[in-house]
Amino acid sequence: MSLPLPAAGGVLTIDTDAIAANWLQLKSLLASGTSCAATIKADAYGTGAARTARRLAEAGCETFCVALPAEGIEVRNAVPTARIFILNGLFPGTAELLSANRLIPVLGSMEEIADWAAHCRAAATRHPAAIHVDTGMNRLGLRPDAFAAVMSDAAATRDFEIVLLMTHLACGSEPEHPMNAHQLARFREATAPYAHIPRSMANSAGVLMGRDFHFDMARPGISLYGGKALDTVANTMQPVVKIEGRVMTLRDVPAGETVGYAAARTTTRPTRIAMVSAGYADGMHRRAGSTDAEPGGYGFAAGQRVPLFGRISMDMMAFDVTDLPEGTLDRGSLVEILGPNVAASDLASYAQTIDYEYLTGLGKRYARHYGALTATGTTG
């Protein structure tokens, strides 16, 4: 449950219309005949799975991908007509749960295939399933030789309906990485005898890398939420999330003194510091802070960037607001700490991580609000 603003350290705004717009933009890039699913695992990358699924369904999305059965049930309740794939496969003892909720497992091992076949045989119903082909990631899926053996053994799969063959890109964020061409060639070769079965390879990066990767169904994730899927090109997705942290206090620190834990950052001039009520307990990664040796991330207030000053702690972070006009901020003001002006991919580069972690780690201590991303306010 969202906290009311007076009780919260900040405001988290989520724009589901922007998510829908990003889905439509990605869909427009796909080859003719390629459908566009939406990956909404991890609570739709922190944006709220049920609400996001309903908005995407309104935009025309009919197929969703999640990681876990519990996530699938939440989406099923939100969008009763949806087709829902469980990417993490078939957990032991969950076949009845999946079929009862019309969830489609992505089978990635001989054991999973045998379990699903036995369940369908006992139910006398050919429930649908996808099969994951491992083309080199060595995480989930059947290696090409095992996949060929299964597909040539009619008894192994005759009790269920194979509705999709899929694989997953290991290095999609780097379009020129040789692994992409290697996986594409292996997937084509492995699945060529089964052209009558729809195929899926493209995540967000695969959509953006071009039609060779599109096949019959794309399943973008990070790009739906405004994230940067390719390292080498500008991100054209609309921002979806904005976090504004509340200023607790403003303090003047003389030159030559330190701010925060570990005395990591020293003032080189008389410095005006804004202490904002958000920290690593709220999803603001500690590594994005600054030290005397290395610059850190930034926030946004009064139309300009304000640098993080010193370590990010559990509940608060410091910003150098010396260069803002006098009276711009006050106790209770809001500073944008992630959003249209503070890209998650930028913060991630300072934190030595990826924007996925910022989105999926959105904290629970914000006042959560759904609506358009408006300009950062100056009062609480």
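Residues are numbered from 1 along each chain as its sequence is written. In this predicted model, local features need pLDDT of at least 70 and side-chain atom pairs count only at pLDDT 80 or more, while totals for chains, interfaces and linings use all residues; side-chain values use heavy atoms, with hydrogens and water left out.

An open sheet is formed by seven strands, with parallel pairing, in the order β3-β4-β5-β6-β7-β8-β9. Helices (H or I, at least four residues) and strands (E, at least two) are DSSP runs, numbered from the N terminus. Two strands pair if DSSP finds at least two bridges between them. β3 (38-39) and β9 (199-200) are the edge strands, each pairing on one side only. Strand β8 (residues 161-166) runs parallel to β9 and is joined to β9 by two bridges. Met-166 has Ser-200 of β9 as its bridge partner. Helix α6 (residues 110-123) packs on the sheet and touches β6 (103-107) and β7 (128-132). Contact means heavy atoms within 4.5 Å. The direction of α6 makes about 145° with that of β6. Axes are lines fitted to C-alpha atoms, for helices over the stretch in contact, and angles run from 0 to 180 degrees between N-to-C directions.

Zero disulfides are found in the whole structure. A disulfide is a pair of cysteine sulfur atoms within 2.5 Å. Cys-61 is in none; its nearest cysteine sulfur, in Cys-36, is 6.6 Å away. Cys-61 is buried, at 4% relative accessible area. Buried means under 20% relative accessible area, exposed over 50%, partly exposed in between (1.4 Å probe, protein chains only). For Cys-120, the closest cysteine sulfur is that of Cys-65, at 19 Å, too far for a bond. Cys-120 is also buried, at 1%.

The UniProt annotation "active site", from an unreviewed entry, covers Lys-41 and Tyr-261. UniProt positions are given in the numbering used here, feature names are shortened, and annotations may be inferred rather than shown by experiment. The two residues are spread over 221 residues of sequence and up to 35.2 Å between C-alpha atoms. Lys-41 is found in helix α2 (residues 41-45). Lys-41 is partly exposed, at 29% relative accessible area. Beyond four places in sequence, Lys-41 touches Cys-65, Val-66, Ala-67 and Glu-71. Tyr-261 lies in the loop between β12 (258-259) and β13 (265-266). Tyr-261 is exposed, at 61%. Leaving aside neighbours within four places in sequence, Tyr-261 contacts Arg-311 and Ser-313.
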